Amino acid sequence: MKLLSAAVLCLAPLSVTATPASFWSSQDVISEAIPVKGDNPLEYCSDPNGNILDIKSVDLSPNPPKPGQTLTIKAEGVLHERVEKGAYVLLEVKYGLITLVKQRPDLCDQIVNVDLECPLEAGTMTLTKEVQLPAQIPPGRYTVHADVFSKDDKRITCLDAKNIQF
């Protein structure tokens, strides 16, 4: 869980407009996967054109992450608009077919965990974060879905990490 939370929190702030009709609206799903540039398992879950966040690259080391090791996350992107308190993440984490997390945390309450704070100003952002992964991560396949919105329901980004194997 620490890995998944860290990955989402690191990517979301690096992380047009779509109003979330439901928790996961199929109207925004893309037919072919569009990978996020860099050494990572991430894909956009909707067309990234028009997102508030233009992700330039995300690198994970090691990739794939390893239990008991330090995961280094390096990301770069451009925010096209200021992100203020009230921005949120529709977050779902699954272990195989079992949903471990399905929540809507406030983005600004969470990004302090990656040494950022709101408001996030428009412009280029770079982020490097190291996370010590617990050795006791249960083996199996994990999936993360993070759909990130501004306080005005404009899409910041939408990312999937599918079949992360531990």
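User: In this predicted model, with which residue does the side chain of Ser 46 make a polar contact?

Analyst: Ser 46 is found in the loop between strand S2 (42-44) and strand S3 (53-61). With a relative accessible area of 2%, Ser 46 is buried. At 3.1 Å, its side chain makes a polar contact with the side chain of Arg 155.

User: Which residue stands opposite Arg 155, and how many bridges join S8 to S9?

Analyst: Arg 155 belongs to S9, and the residue standing opposite is Phe 149. Strands S8 and S9 run antiparallel, and the bridges that join them number eight.

User: In what order do the six strands of the open sheet stand?

Analyst: Strand S1 (34-35) and strand S6 (98-103) stand at the edges of the sheet. Each has a single partner strand, so one side of each is left without a neighbour in the sheet. The pairing is antiparallel, and the order is S1-S2-S9-S8-S5-S6.

User: How many aromatic pairs are there, and what is the angle between the planes of Tyr 88 and Phe 149?

Analyst: The count of aromatic pairs comes to three. Tyr 88 and Phe 149 form one that is stacked, with 5.5 Å centre to centre. Planes under 30 degrees apart count as stacked, and here the angle is 20 degrees.

User: How many residues apart in sequence are the parts that the pair of Tyr 88 and Phe 149 ties together?

Analyst: Tyr 88 lies in strand S5 (residues 88-95), whereas Phe 149 lies in strand S8 (residues 141-149). The pair therefore ties together parts whose separation in sequence is 61 residues.

User: Is Phe 149 buried or exposed?

Analyst: The cut-off for the buried class is under 20% relative accessible area. Phe 149 has a relative accessible area of 1%, and its class is buried.

User: Which residue lies over the face of Tyr 88?

Analyst: Tyr 88 is also the ring of a stacked pair with Phe 149. At 3.6 Å from the ring centre of Tyr 88, the residue over the face is Arg 104.

User: What kind of aromatic pair do Tyr 95 and Tyr 142 form?

Analyst: The ring centres of Tyr 95 and Tyr 142 are 4.9 Å apart, with 50 degrees between the planes. An angle under 30 degrees would count as stacked and one over 60 as edge-to-face. The pair is accordingly classed as tilted.

User: Which parts of the chain does the pair of Tyr 95 and Tyr 142 link, and into which cluster do ring pairs join these residues?

Analyst: Tyr 95 is in strand S5 and Tyr 142 in strand S8, 47 residues apart. Tyr 95 counts as partly exposed at 26% relative accessibility, while Tyr 142 is buried at 4%. Ring pairs link them into a cluster of Tyr 95, Tyr 142 and Phe 166.

User: How many salt bridges does the structure hold, and what is the N to O distance between Glu 121 and Arg 82?

Analyst: The structure holds ten salt bridges. One of them is formed by the side chains of Glu 121 and Arg 82, with an N to O distance of 3.0 Å.

User: Where do Glu 121 and Arg 82 lie?

Analyst: Glu 121 is partly exposed at 44% relative accessibility, and Arg 82 is partly exposed at 43%. The two are 39 residues apart. Glu 121 is in the loop between helix H2 (107-110) and S7, and Arg 82 is in the loop between strand S4 (70-79) and S5.

User: Which residues are linked in a network of salt bridges with Arg 82?

Analyst: The side chains of Lys 151 and Glu 84 meet in a salt bridge at 2.9 Å, N to O. Lys 151 lies in the loop between S8 and strand S9 (155-165) and Glu 84 in the loop between S4 and S5, so this pair ties together parts 67 residues apart in sequence. The residues networked with Arg 82 are Glu 84, Glu 121 and Lys 151.

User: Which backbone oxygen does the side chain of Lys 129 reach?

Analyst: Lys 129 is found in strand S7 (residues 123-132) and counts as buried at 18% relative accessibility. Its side chain meets that of Asp 115 in a salt bridge (3.4 Å, N to O), and Asp 115 is exposed at 62%. The backbone oxygen that the Lys 129 side chain reaches, at 3.4 Å, is that of Asn 113.

Notes:
Residues numbered from 1 in each chain as written. Predicted model: local features only at pLDDT ≥ 70, side-chain atom pairs only at ≥ 80, totals over all residues. Heavy atoms only, no water. Phe/Tyr/Trp six-rings, centres within 6.5 Å; stacked < 30°, edge-to-face > 60°. Helix = DSSP H or I, 4+ residues; strand = E, 2+ residues; numbered from the N terminus. Buried < 20%, exposed > 50% of the residue type's maximum accessible area, 1.4 Å probe, protein only. Lys NZ or Arg CZ within 6 Å of the ring centre and 35° of its normal. Polar contact = N/O pair within 3.5 Å; in protein donor to acceptor, adjacent residues only side chain to side chain. Salt bridge = Lys/Arg side-chain N within 4 Å of Asp/Glu carboxyl O. Pairing = 2+ DSSP bridges.
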